[in-house]
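Below is a short briefing on one protein chain and its ligand.

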Amino acid sequence: MALLKSAIIFFLGMAALQVSIATVYKVGDSAGWTAMGTVDYKKWAAEKNFHVGDIILFTYNAQYHNVKQVSHDDFKSCNASNPLATYTTGNDSITIKKPGHLFFLCGFPGHCEAGQKVDIRVSRGSSMAPSPSPSDAMAPGPSHNSAPSHHLKGLLGQLGLALAIVVVCLSGFAY
Ligand SMILES: *[C@@H]1O[C@H](CO)[C@@H](O)[C@H](O)[C@H]1NC(C)=O
Ligand SMILES: *[C@@H]1O[C@H](CO)[C@@H](O)[C@H](O)[C@H]1NC(C)=O
């Protein structure tokens with residue numbers, strides 16, 4: 001009995017975890033990852049509330065851009081020579097692993113200086129409001145943001161599985 005109860009709690013917990021994670025944020029929304037000065041990435045990031053488990057998606061033409069994760073100092077000075085991570089596919093999805101800041105810039109000459117850099121501030125709790133980071137980005141023209149798309153793939157399957165297990169266990173209790 002205790003084992004069955006533990007199993008139920010475990011699977012419900014798994015389902016709850018699945019529900020709370022995985023919002024996909026496409027950097028720059030429809031404009032994507034660009035050096036054209038059409039996206040204010042600082043504003044874009046400030047209006048989001050990033051959490052552990054969310055996915056940051058960079059889309060761009062890999063001939064002209066890339067994505068480098070750098071330190072805060074290298075972010076401020078647009079120095080791409082010591083990347084912590086480098087992404088070059090043109091469709092890079094990066095899963096947020098922990099709270100804190102993730103600093104990204106484009107490593108192509110002049111692009112970071114033109115504003116192709118983004119500071120992803122990942123909140124610790126689930127209800128913390130995002131706040132703008134210190135002023136260290138050139139801010140070209142205004143941008144318009146659309147709501148983040150939600151990643152529902154697999155969620156229904158997970159819930160269905162959990163419910164099926166609960167039903168099986170409960171029918172076991174009832175016999
Ligand atoms: C970038 O960082 C490296 C290593 O920290 C340093 O040697 C180099 O001078 C820096 N480049 C610029 C342009 O600041
Ligand atoms: C880009 O990656 C996302 C997430 O991995 C995927 O859903 C999408 O189909 C990919 N798009 C292209 C054009 O490859």
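**Cores and overall layout**

The largest nonpolar core has 20 residues, and Trp 33, Phe 50, Ile 56, Phe 58, Val 118 and Ile 120 make the most contacts inside it. Helix H2 (41-46), strand S2 (55-59), S6 and S7 each give two or more residues to this core. A second, separate core of 7 residues includes Val 70, Phe 75, Cys 78 and Leu 105. A nonpolar core here is a set of buried Ala, Val, Leu, Ile, Met, Phe, Trp, Tyr and Cys residues joined through side-chain atoms within 4.5 Å. Buried means under 20% relative accessible area, exposed over 50%, and partly exposed in between (1.4 Å probe, protein chains only).

The model is predicted: local features need pLDDT of at least 70, side-chain atom pairs count only at pLDDT 80 or more, and totals for chains, interfaces and linings use all residues. Residues are numbered from 1 along each chain as its sequence is written, chains are lettered from A and ligands numbered from 1 in the order in which they are written, and side-chain values use heavy atoms, with hydrogens and water left out.

**Secondary structure**

- The chain has 4 helices and 8 strands, where helices (H or I, at least four residues) and strands (E, at least two) are DSSP runs numbered from the N terminus.
- Along the sequence, the pattern is α-β-α-β-β-α-β-β-β-β-β-α.
- Of the 175 residues in the chain, 36% count as buried.

**Strand pairing**

- Strand S1 (residues 23-26) pairs with S2 in the parallel sense over 3 bridges; two strands pair if DSSP finds at least two bridges between them.
- In this pairing, Lys 26 stands opposite Leu 57 in S2.
- S2 is largely enclosed by the rest of the structure, because 4 of its 5 residues are buried.
- S3 and S4 run antiparallel and are joined by 3 bridges, with Thr 86 in S4 as the bridge partner of Lys 68.
- S3 and S6 also run antiparallel, joined by 3 bridges, and Gln 69 stands opposite Phe 104 in S6.
- In a regular strand the side chains alternate between the two faces of the sheet.
- From strand S3 (residues 67-70), Val 67 and Gln 69 point one way and Lys 68 and Val 70 the other way, and all are buried.

**Cysteines**

- The structure holds 1 disulfide, a disulfide being a pair of cysteine sulfur atoms within 2.5 Å.
- This disulfide joins Cys 78 to Cys 112, with an S to S distance of 2.0 Å.
- The torsion about the S-S bond of Cys 78 and Cys 112 is about -75 degrees, so the disulfide is left-handed.
- Cys 78 lies in the loop between helix H3 (72-77) and strand S4 (85-87), and Cys 112 in the loop between strand S6 (100-105) and strand S7 (117-122), so the pair ties together parts that are 34 residues apart in sequence.
- Cys 78 and Cys 112 are both buried.
- Cys 106 is in no disulfide, and the nearest cysteine sulfur, that of Cys 112, is 8.4 Å away.
- Cys 106 is buried, with a relative accessible area of 2%.

**Ligand site**

- Asn 79, Ser 81 and Asn 82 surround ligand 1 (a residue counts if one of its heavy atoms lies within 4 Å).
- A polar side-chain atom of Asn 79 lies 2.3 Å from an oxygen atom of ligand 1.
- For Asn 82, a polar side-chain atom lies 3.2 Å from an oxygen atom of ligand 1.
- On its own, ligand 1 has 360 Å² of accessible area, of which the protein covers 27% (Shrake-Rupley method, 1.4 Å probe).

Conventions:
Polar contact = N/O pair within 3.5 Å; in protein donor to acceptor, adjacent residues only side chain to side chain.
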